[in-house]
Amino acid sequence: MQSNLRKFIPLVLMLTLVSTGGVLKNANASQDGVKPAVAAVEKKQENVYKGSVVGKSNKAKTISIKVGKGDKAKTIMVNFDDNTKGVEHASKGHASIIFYELRDGQPWATVVKPKLAKLPQGAIEIKTAALMEMMASNTDFTL
């Protein structure tokens with residue numbers, strides 16, 4: 001009898017989650033009402049800034065990036081050093097993705113990547129070497 005009850009425990013737990021909408025109170029949830037799942041996603045991406053570069057100072061070794069949209073947009077200053085990879089991708093007016101780490105409470109860029117546009121449906125990417133080969137062999141193509 002007891003082993004039959006053990007078989008139903010997972011079923012009862014699943015039904016409980018489904019009937020409550022799958023949301024359980026989390027003691028670590030912030031007090032402003034953010035759901036734990038949303039907080040987890042934000043925490044996962046907290047060390048990435050995506051936006052338009054407002055400016056870069058090689059002398060001060062800082063990059064200013066505008067993050068967010070509309071009225072909620074804010075400009076954030078990120079430090080960089082000689083170990084930062086891809087600093088050349090931080091050009092004023094261009095979209096960039098900055099991966100950073102916190103040092104003494106300040107963001108320090110570890111990697112800077114260009115934020116590239118997605119290709120439209122039906123378009124394909126071709127590598128430079130393949131294009132050069134097509135040009136050298138006089139293959140018909142539309143670029």
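## Thr62 and strand β2

Thr62 belongs to strand β2, which covers residues 62–67. The model is a predicted one. Thr62 counts as buried because its relative accessibility is 10%, under the 20% limit for that class.

Setting aside neighbours within four places in sequence, Thr62 has contacts with Gly55, Lys56 and Ser57, and also with Met77, Val78, Asn79 and Phe80.

## Lys74 in strand β3

Lys74 is part of strand β3, a strand that spans residues 74–79. Its relative accessibility of 53% makes Lys74 exposed, since the class begins over 50%.

When residues up to four places away in sequence are not counted, Lys74 touches Ile65, Lys66 and Val67. A separation of 9.9 Å is found between the C-alpha atoms of Lys74 and Gly51, which are 23 residues apart along the chain.

Asp81 sits in the loop between β3 (74–79) and β4 (95–103). With 18% relative accessibility, Asp81 counts as buried, because the value is under 20%.

A polar atom of the Asp81 side chain lies 3.0 Å from the backbone nitrogen of Asn83. Beyond neighbours within four places in sequence, the contacts of Asp81 are with Lys61, Arg103 and Trp108.

Met132 is located in helix α3, residues 128–136. Its relative accessible area is 49%, so Met132 is classed as partly exposed; the exposed class would require over 50%.

Met132 is also a member of a nonpolar patch on the surface, together with Met135, Phe141 and Leu143. The accessible area of these residues together is about 460 Å².

## The chain overall

The chain has 143 residues, and buried residues make up 18% of them. Thr62 and Asp81 are among the residues that count as buried. Three helices and five strands form the secondary structure. Read from the N terminus, the order of elements is α-α-β-β-β-β-β-α.

About 11900 Å² of accessible surface is computed for the chain, and carbon and sulfur atoms account for 57% of it. Of the contacts between residues at least 6 apart in sequence, 40% join residues at least 24 apart.

Definitions and conventions:
Residues are numbered from 1 along each chain as its sequence is written. This is a predicted model: local features need pLDDT of at least 70, side-chain atom pairs count only at pLDDT 80 or more; totals for chains, interfaces and linings use all residues. Side-chain values use heavy atoms; hydrogens and water are left out. Helices (H or I, at least four residues) and strands (E, at least two) are DSSP runs, numbered from the N terminus. Buried means under 20% relative accessible area, exposed over 50%, partly exposed in between (1.4 Å probe, protein chains only). A polar contact is a pair of N or O atoms within 3.5 Å; within protein, one must be able to donate a hydrogen and the other to accept it, and residues adjacent in sequence count only if both atoms are side-chain atoms. Contact means heavy atoms within 4.5 Å. Patches are made of residues with over 30% relative accessible area and no salt bridge: like charges are joined within 9 Å, nonpolar side chains (Val, Leu, Ile, Met, Phe, Trp, Tyr) within 5 Å. Accessible areas come from the Shrake-Rupley method with a 1.4 Å probe; for residues, only the protein chains shown count as cover. A salt bridge is a side-chain nitrogen of Lys or Arg within 4 Å of a carboxyl oxygen of Asp or Glu.
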